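Biologist: I would like to learn how to read the sheet and helices of a model. Could you take me through one?

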Amino acid sequence: SQYVEVLCQEIAMTPAFGQPLKTIFFGGGTPSLLSTEQLQRILRELEQHFGIESGAEISMEIDPATFDLAHIAGYSSAGVNRVSLGVQAFQEELLQRAGRSHSVEDIFAAVELIHQVEIPEFSLDLISGLPHQSLDQWQDSLLKAIALLPTHISIYDLTIEPGTAFGRYYKPGDTPLPTDEATVKMYQMGQQVLTGAGYE
């Protein structure tokens with residue numbers, strides 16, 4: 001609540017551009033921890049201060065297992081029309097090693113909720129270069145992501161930031177992280193598999 005209060009104050013103090021917003025992106029961290037009311041308040045502040053163009057893309061990053069049907073329906077009614085789902089991998093052991101709080105079952109349940117609410121656009125995020133991740137596992141994640149028919153798929157190579165919990169366990173270049181050669185192969189495989197499935 002305090003964060004939302006300060007954010008709305010910051011919006012009010014930011015000079016307006018003279019034209020309404022065409023896109024609004026709630027991302028980084030886990031914005032799906034916001035309640036529907038908190039999201040509505042932020043959007044109301046943006047509307048009053050900047051204006052929001054009719055048909056603007058309002059996108060939100062969400063993690064599986066951080067929302068239920070009422071939650072995602074509330075976001076949709078508030079105006080969210082694109083969801084970016086932080087899947088990361090489709091193997092339980094990789095999700096656990098990456099410190100993710102969701103399971104593979106949670107991923108499929110989350111996509112089902114997105115379909116139920118009929119949010120028109122949704123994307124999936126995958127991470128390559130995870131500890132102990134093999135090329136076969138990476139291919140499996142790509143194919144499972146494609147099978148869910150998202151409108152967009154983002155793939156990221158793991159970046160280990162110093163000072164984070166992940167950075168305390170793993171150092172760049174050390175096992176069990178894949179070698180640079182293996183992560184290059186993962187990138188190439190991602191490009192080939194996704195373009196082969198019709199993604200640009």
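**Reading the sheet and its helices**

Modeller: Start with the sheet: it is open, has 5 strands, runs in the order β1-β2-β3-β4-β5, and its pairing is parallel. Because β1 (21-26) and β5 (152-157) stand at the edges with a single partner strand each, one side of each has no neighbour in the sheet. From one strand to the next, the twist averages 20°.
This is a predicted model: local features need pLDDT of at least 70, side-chain atom pairs count only at pLDDT 80 or more, and totals for chains, interfaces and linings use all residues. Residues are numbered from 1 along each chain as its sequence is written, and side-chain values use heavy atoms, with hydrogens and water left out.

Biologist: What counts as a strand, a helix or a pair here?

Modeller: Helices (H or I, at least four residues) and strands (E, at least two) are DSSP runs, numbered from the N terminus. Two strands pair if DSSP finds at least two bridges between them. In general, strands of a sheet pair through backbone hydrogen bonds, either parallel or antiparallel.

Biologist: Over how many bridges do β1 and β2 pair?

Modeller: They pair over 5 bridges, in the parallel sense. Phe 25 stands opposite Ser 59 in β2. The chain runs from β1 through α2 to β2, a right-handed β-α-β crossover. Right-handed means that, with the strands pointing away from the viewer, the path from the first strand over the helix to the second runs clockwise.

Biologist: And the next pairs along?

Modeller: β2 and β3 pair in the parallel sense over 4 bridges. There, Ile 62 has Leu 85 in β3 as its bridge partner. Strand β3 (residues 82-88) pairs with strand β4 (residues 121-128) over 5 bridges, again in the parallel sense. The bridge partner of Arg 82 is Glu 121 in β4.

Biologist: Which strands does helix α2 touch?

Modeller: Helix α2 (residues 36-49) packs on the sheet and touches β1 and β2 (52-62). Contact means heavy atoms within 4.5 Å. The direction of α2 makes about 150° with that of β1. Axes are lines fitted to C-alpha atoms, for helices over the stretch in contact, and angles run from 0 to 180 degrees between N-to-C directions. Helix α6 (residues 135-147) lies across β4 and β5, at about 180° to β4.

Biologist: How do I read two packed helices?

Modeller: Two packed helices are described by the angle between their axes and the distance between the axes. The axes of helix α1 (residues 2-13) and α2 come within 9 Å and cross at roughly 10°. So α1 is roughly parallel to α2 (angles under 35 degrees count as such). On the α1 side, the contact includes Val 4, Leu 7 and Ile 11; the α2 side includes Arg 41, Ile 42 and Leu 46. The contact residues divide into 7 nonpolar, 2 polar and 3 charged.

Biologist: Is Thr 36 buried or exposed?

Modeller: Buried means under 20% relative accessible area, exposed over 50%, partly exposed in between (1.4 Å probe, protein chains only). Thr 36, in helix α2, counts as buried at 14% relative accessibility. Leaving aside neighbours within four places in sequence, Thr 36 contacts His 71, Gly 74 and Tyr 75.

Biologist: Where is Gly 18?

Modeller: Gly 18 lies in the loop between α1 and β1. Gly 18 is exposed, with a relative accessible area of 79%.

Biologist: What about Gln 139?

Modeller: Gln 139 is in helix α6 and is partly exposed, at 34% relative accessible area. Its C-alpha atom and that of Gly 190 are separated by 7.7 Å, though 51 residues apart along the chain.

Terms used. Parallel < 35°, antiparallel > 145°, perpendicular 65-115°, else oblique. Nonpolar A, V, L, I, M, F, W, Y, C, P; charged D, E, K, R; others polar.
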